[in-house]
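User: I have a model open and want to go through a few local features. Can we take them one at a time?
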Amino acid sequence: MSLSKIPSVGLVELPELGLFDAEGKNRASIRKGTALISKQVLLSDLQAKGFDAQLINLKRGEEEIEYGHVKWGETELAKIYLGTDIKSLDPQAYDVWGLTSNFSQHRELVKIAIQHLSSQGKPVVIGGSDAFANPHLYLQAGASAVVLDQSGSTNASILDYVLGKTPRETLSEVVLKDGTIVPRKLPALSPEDWALPDISVVKQCLGDEYWSLEFPRELSPIGSVFTDIGCDRHCDFCQTPKYRLGYRAMSPKRALEWFELQKKAGAGSVIGSSDQFLGRIIKKGGREDILEIMKGIRELEIAVLWPNGLELKKATLGKGINRGMINFTPDEELINALWGWNGKSGCFHAYIPAERPIAGRENYSKLLPWREHCEILKAIVRTGVPHLTYGLIIGFEDESEETLLRLEEAILNIYHELLEINPHLNFQVSPFSIFPIPGTPQWDQLQTSGLLEFDDPTIFGGLWTPSVNTRYLSYKDISRWQIRLLQIGSIEGRTHFINTDFSNKTTSLANNAH
């Protein structure tokens, strides 16, 4: 195939969403400089399969575009996206366009982009979690196809199809423009099968921002590696079980090839993107694989970041396997390998997915009993990790003032115990409200219970705009408790790890929006 006939694909990274009140305070998370995780995988895969795939990163840029308003209770919020104007793109610039829609909060932005990019007849293909749950909404906006497969197995074939060519393999797990649902006809790929990225791709996808943490210069820029997909758990809030992927992981050799490429591209630290990196441990030899990967990362002398959290239950001698008498004793060797920091390499920051460490644990199959949870936390802090974000989920159906008071007391106690181990620990509670994900059992339950207060996806899809009432509290009460629980931790923690109005981010447009 001559170079001139290689089909071009424009992969668009959309701008960041802000929800600003009349005072310019933001209730959405803005991370314009974050590393591009899935785009790195997708660019590499499509280029390896013969497409001229190029990244268009609209997060870069200083424009502020207001595109609507929404009422959150009595508060009016301006919907503003920040970066580069979507409508500045030439719809004819590429043969086909690709967009990802993972979060319902960003749904409207994706639909704006679809409508613009498809306006002159070029096909637009959509993938991602929210598109998986609601393909019809994206087709109605003008998409040519929605990819349901989450492993990459059908990407090249669907691009062939929308370009009017014979697909190189049978179509599998896609929804076509006319609404036809093509079921799975190909096996899902493993991350082991993903093409390694060219150094130029890695460099394009590096980030210069991680939450709001001011990084030491030697740890920037920030790379990313997605070492596994799927999960062995079935939690009611999560969409992953519906992907029917099982659990698929890179070998240590392949994972370290990806990490080495991040290092060669200039990364000083790398985001471990998966929240189920420890899923390996339930398979024979999995613990040894984890130790080998972590040893290799240290030998590269780069820092690792765990922003999506690692399952604490799997960091025990019982490996989190729910059968018989479970051994919850911390696996000290494994914990040191995963979270240990020596001042130069190892884990610089980790998110701890505490979720509901006391009342409410039954909603999450991955959680430890409280006493054992505390022992794991202490073991993690003893490794020397300098920065921890402690993630909580509040606002379950039976949530009350009493349950939240007990939660607050418990977290305050463990926080002070952790400071006794490391007085310099930068620790911050991050109390998220429930944000129901369409297509999950939790979504279905909230739809029938009548507790979901808002139907605008920019509200119910947000972590800092509570949208669900409990049987005893209103969504406003949950918001009040979010702010209250944010006080647990260091001043530095609130500055570094909360990318919303709580960190006083403003824009000039937002300040003049009303």
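User: Start with Gln 276: buried or exposed?
Analyst: This is a predicted model. In it, Gln 276 has a relative accessible area of 5%, and it counts as buried because that is under the 20% cut-off.
User: Where is Gln 276 in the fold?
Analyst: Gln 276 sits in the loop between strand 14 (269–272) and helix 8 (286–299).
User: And what does Gln 276 touch?
Analyst: Leaving out residues up to four places away in sequence, Gln 276 touches Asp 228, Gly 230, Cys 231, Asp 232, Arg 233, Tyr 247, Glu 311 and Lys 314.
User: Switching to helices. At what angle do helix 1 and helix 5 pack?
Analyst: Helix 1 (residues 37–48) and helix 5 (residues 155–162) pack at about 65°, and their axes are 10 Å apart. They are therefore roughly perpendicular to each other.
User: Which residues make the contact?
Analyst: Helix 1 contributes Leu 42, Asp 45 and Leu 46, while helix 5 contributes Asn 155, Ala 156 and Leu 159. By class, the contact has four nonpolar residues, one polar and one charged.
User: Backbone next. What is the phi of Glu 173?
Analyst: Glu 173 has a positive phi of about 55°, although it is not a glycine. Glu 173 lies in the loop between helix 5 and strand 9 (174–176).
User: Is Glu 173 buried or exposed?
Analyst: Buried, at 7% relative accessibility.
User: Which residues does the cis peptide bond join?
Analyst: Ser 220 and Pro 221, with omega about -5°. Pro 221 is in the loop between helix 6 (199–205) and strand 11 (222–225).

Notes. Residues are numbered from 1 along each chain as its sequence is written. This is a predicted model: local features need pLDDT of at least 70, side-chain atom pairs count only at pLDDT 80 or more; totals for chains, interfaces and linings use all residues. Side-chain values use heavy atoms; hydrogens and water are left out. Axes are lines fitted to C-alpha atoms, for helices over the stretch in contact, and angles run from 0 to 180 degrees between N-to-C directions. Helices (H or I, at least four residues) and strands (E, at least two) are DSSP runs, numbered from the N terminus. Angles under 35 degrees count as roughly parallel, over 145 as roughly antiparallel, 65 to 115 as roughly perpendicular and the rest as oblique. Contact means heavy atoms within 4.5 Å. Ala, Val, Leu, Ile, Met, Phe, Trp, Tyr, Cys and Pro count as nonpolar, Asp, Glu, Lys and Arg as charged, and the others, Gly among them, as polar. Buried means under 20% relative accessible area, exposed over 50%, partly exposed in between (1.4 Å probe, protein chains only).
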